[in-house]
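Subject: Structure handover

Hello,

Below is the structure I said I would pass on. My notes follow it; please read them with the coordinates open.

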Amino acid sequence: MEIGGVEFTYGNIAVFGVAVFLLAGVYSFVKQGLKIAAMIVFVLAAMAFAGGVMWL
């Protein structure tokens, strides 16, 4: 699928989905008061998002 000159594939969308899933985990950890775990999961989410962007 091409949107605005950028080619999106199922792989791109799956990687972005993983990033959103991990961000939900960050919210859950922050709500429980586990700040170190939230930071670790946030770094993983940022890496997944960056991977999705570089794959474009």
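A residue is called buried here when its relative accessible area is under 20%, and exposed when that area is over 50%, with partly exposed in between. Bear in mind throughout that this is a predicted model.

By that cut-off N12 is buried, because its relative accessibility is 1%. N12 sits in helix α1, and its side chain makes a polar contact of 2.4 Å with the side chain of T9. Beyond the neighbours within four places in sequence, N12 is in contact with E7, G52, W55 and L56.

Overall layout

The protein chain has 2 helices and 2 strands, arranged along the sequence as β-β-α-α. Its radius of gyration is 13 Å, whereas the globule rule gives 10 Å for 56 residues, so the chain is more spread out than a compact globule. Along the principal axes, the C-alpha atoms fill a box of roughly 40 × 15 × 15 Å. Of the 56 residues, 20% are buried. Among contacts with a separation of 6 or more, 51% are between residues 24 or more positions apart.

Helix α1

The nonpolar core

Which residues make up the largest nonpolar core? It has 5 of them: L22, V26, A38, V41 and A45. The elements that give two or more residues to this core are α1 (10-32) and α2 (35-55). Of these, α2 gives the most, with 3 residues.

A38, a member of this core, is in contact with V26, F29 and V30 once its neighbours within four places in sequence are left aside. V26 belongs to the core too, and its C-alpha is 7.4 Å from that of M39, although V26 and M39 are 13 residues apart in sequence. M39 lies in helix α2 and counts as exposed, because its relative accessibility is 51%.

The aromatic pair

How many aromatic pairs are there? The count comes to 1. The pair is formed by F16 and F49, with 5.5 Å centre to centre and 55 degrees between the planes, and it is classed as tilted. F16 lies in helix α1 and F49 in helix α2, so the pair ties together parts that are 33 residues apart in sequence.

F49 counts as partly exposed, because its relative accessibility is 46%. Leaving aside neighbours within four places in sequence, F49 is in contact with F16 and A19.

A50 counts as partly exposed, because its relative accessibility is 32%.

To recap the points to look at when you open the model: the polar contact between N12 and T9, the core of L22, V26, A38, V41 and A45, and the tilted pair of F16 and F49.

Regards

Notes:
Residues are numbered from 1 along each chain as its sequence is written. This is a predicted model: local features need pLDDT of at least 70, side-chain atom pairs count only at pLDDT 80 or more; totals for chains, interfaces and linings use all residues. Side-chain values use heavy atoms; hydrogens and water are left out. A nonpolar core is a set of buried Ala, Val, Leu, Ile, Met, Phe, Trp, Tyr and Cys residues joined through side-chain atoms within 4.5 Å. Buried means under 20% relative accessible area, exposed over 50%, partly exposed in between (1.4 Å probe, protein chains only). Helices (H or I, at least four residues) and strands (E, at least two) are DSSP runs, numbered from the N terminus. Contact means heavy atoms within 4.5 Å. A polar contact is a pair of N or O atoms within 3.5 Å; within protein, one must be able to donate a hydrogen and the other to accept it, and residues adjacent in sequence count only if both atoms are side-chain atoms. Rings of Phe, Tyr and Trp (its six-membered ring) pair if their centres lie within 6.5 Å; planes under 30 degrees apart count as stacked, over 60 as edge-to-face and the rest as tilted. The radius of gyration is taken over C-alpha atoms; the globule rule is 2.2 Å times the number of residues to the power 0.38.
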